[in-house]
Amino acid sequence: MGRYRHLNQTGFGSRVILDLKRKYINALETLGDTAVSSGEHDNAIARYTFALSLDPANPVNILVKRSKAQSSMELWNDALIDANEVIKRDPSSHLGYERKYAALHGAEHYVEANNALRHMLSIIENSPTEEIRRLRANYTNPCETIAAIDTAIHEIFNLCPLVLIDVTTGRLCDAEERVRMFKSETPFEKIISETAVTKIDRALIRQSVAKYFKWIMFSHTWEGKEPTFKDVNLVDSVWKLDGSPLNEKLRQFCTTASEDGHRWAWSDTCCIDKTTSAILSQSLIAMYTWYEKAAETLVYLADVLSSAEIGDLALTKSRWMTRAWTLQELLASKVIRFYNRDWKLYLNDTHTNHKESPEIKQELAKAMGVAPETITSFQPEDLGVREKLRLASTRNATMEEDNAYSLIGIFSSNIVPRYGLGKTALGELLENIVARTGDVTVIAWTGKSLPYNSALPASLAAYSQAPYSSPPMENNELDTCVEPLRTQLAPGDATSFYYRVIHLPRANFTNRCLQLPCIVFYVTKIGVQELGRSQGTHYRAKVSLLGNVEFRTADAIPLKKPRKIAFVHPWLRDLRDPLDGFISDDELEADSDVDSSDEADSEAKSDAGSGAGTDDASAPASPLHAEPSVRMDPSTQALRLIARLGRPFNALLLEQQSNGQYKRIAAEEEIIVPGVPYKTNPKDIKVKVLEVV
């Protein structure tokens, strides 16, 4: 001991001791590094701590390493203490701020973590050492992340409601307010912090942003003076509204939404400023999308008791199933849950999505007459035009216009809602459907006509019954009919008629005028068979090519001032099937009869006034062209079409006006007429495009 004391009393001795201590510290640091590489972080922390207790001359590196090891063990507070010590000893180094960011991020203190991140990046970017500056490539600048977040917000807000209820405060918040709140809260800072050490994953960012902004929709029936946008804003919160039953309904919706983990909620009562027509119109157009993109839809059934059981069909008997707007709310929503009048789950069904509940899904599907898949995964293109009109036919609305506007999303329509139009709104919707699709089943109905256009029904209820469909013909039956026609009809006449039919444009609608491609049969004689009261007037008519036809009309036909009356066959899709194949333009040009085509053009122009002829190049493509299935010669195709025309069909009754246009004479029941006799010369069959007003 005396010898060591002597060494310590000399400069040489001090150097020896310092050298031994340095070696010991280095050995401990190496042991700590080895422990880290082996995943023994607790052992590493012990080694680094022992080394630091020896008071190394420059403890920064060991502090950084111990902070890393502590972070690996989620000892965030200890890791932060070491990080702050590094910053204190060497504020110009990026290492302390790197460890501070990691510790704060792990502790979920994202605001402070991002501040440390910004300090670190500033030091790296301004370092005089190129090697350190190159480290910048390892990090994402918060500004880049914020730009990606803003893009995600923009995309989401294109699909979400304009105003939502913040169920925590009860306040109505527009998009700007929701963004301000988001950027002042933890989720925003968390995204920035999480992205700092990775490349920007835009999909992940959008997922995180969408999680914050997800919303729940309310579906219910109006029961009186519901709380409005103005009512809520006057008191600044849903929770401050008075205790009326309808205010309580809104509050209970917000409470249930909160219990389900939602912060943002939407109700049609108070989330639309209905005093501003532009906002109201925008909301009605977008509402289908809002329900479709919502995290969940909560349905309140005010008239369904808690005692309802499976088999009672309480849901389908509910008033909610009769309202116009609730059809799209049901079909558009991906996740839906039904609550009875006591705010208990319908049938006590605990499925997170009642569309996946076998009992509820089956009850809905049976009541609506659709496949269960339509309930669970409806898309507007899944159902045909006529089927969607049938679903709408059982619904009604307080405002006449809502019968039409509630279907905008279901039909992917682009009409602009305007209140004050009355039944004209329905006319605009149906016109838009025909103009976009060319689907003539829209005009297959009985009853009263809509003043908007005589081809359209006065009410959606007219679509409750399926229209008559000509009986199908099997191939064997077709072959039996076609063979004798090969010798009875001149091949040129048959193919000429065929080309006139398939060259017709599809039905179109512009400015309240229907351009209707059809086969026309003129009435040569008409008389009253029986005067009716409740069921209209019974007539008997002699019709070219069809013979005698009896029918009833809703309105009397003025027989003293006879005008040209015609029965028309507009169901041209029914005259072809996929087996007929597809005719190329070259084949049409090579085989068509020019004289016959000219005749058809002349007839169409004569009967339609200024209407489109069959060669109108601007008209939509004909729906009669089908994808090829089996190639067959034009003569066979023509004869098969003529054979189908021999089947009975549902005829529309039209009366020509003084200007050459036509008006439909509404019938109380479908007019089923016999088909065209097979022996008829195709040259005598009129193929035209009529203008119906």
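**Reading the features one by one**

Modeller: Let us begin with the contacts of one residue. Leaving aside residues up to four places away in sequence, Ser193 touches Tyr101, His105, Tyr110, Ala113 and Asn114. Please bear in mind that this is a predicted model.

Colleague: Where does Ser193 lie, and does it count as buried or exposed?

Modeller: Ser193 is part of helix H11. Its relative accessibility is 0%, so Ser193 counts as buried. The Ser193 side chain also makes a polar contact with the side chain of His105, at 2.4 Å.

Colleague: Which residues of H9 are buried?

Modeller: The buried residues in H9 are Pro142, Thr145, Ala148, Ile149, Ala152, Ile153, Ile156 and Phe157. Because they cover an arc of only 165° around the axis, they are on the same side of H9. The face turned away from that buried side carries the exposed residues Cys143 and His154.

Colleague: Which helices do the buried residues of H9 pack against?

Modeller: They pack against helix H7 (110-125), helix H10 (175-182), helix H11 (186-195) and helix H12 (202-213). At the start of H9, moreover, a side-chain oxygen of Asn141 comes to within 2.9 Å of the backbone nitrogen of Cys143.

Colleague: How is a pair of aromatic rings described?

Modeller: Such a pair is described by the distance of the centres and the angle of the planes. A search of the whole structure finds 19 aromatic pairs. For Trp320 and Phe338, the ring centres are 5.6 Å apart and the planes stand at 85°, so this pair is edge-to-face. The pair links distant parts of the chain, 18 residues apart: Trp320 is in the loop between strand E5 (296-300) and helix H16 (324-332), and Phe338 is in strand E6 (residues 336-339). Both Trp320 and Phe338 are buried.

Colleague: Which residues form one aromatic cluster?

Modeller: One aromatic cluster is formed by Phe157, Phe182, Phe188, Tyr212, Phe213 and Trp264. Phe157 also belongs to the buried residues of H9.

Colleague: Which residues lie over the face of Tyr522 and of Trp445?

Modeller: Over the face of Tyr522 lies Lys564, at 4.8 Å from the ring centre. Arg664 lies over the face of Trp445, at 4.0 Å from the ring centre.

How values were computed
Residues numbered from 1 in each chain as written. Predicted model: local features only at pLDDT ≥ 70, side-chain atom pairs only at ≥ 80, totals over all residues. Heavy atoms only, no water. Phe/Tyr/Trp six-rings, centres within 6.5 Å; stacked < 30°, edge-to-face > 60°. Helix = DSSP H or I, 4+ residues; strand = E, 2+ residues; numbered from the N terminus. Buried < 20%, exposed > 50% of the residue type's maximum accessible area, 1.4 Å probe, protein only. Lys NZ or Arg CZ within 6 Å of the ring centre and 35° of its normal. Arc of directions from axis to C-beta. Contact = heavy atoms within 4.5 Å. Polar contact = N/O pair within 3.5 Å; in protein donor to acceptor, adjacent residues only side chain to side chain.
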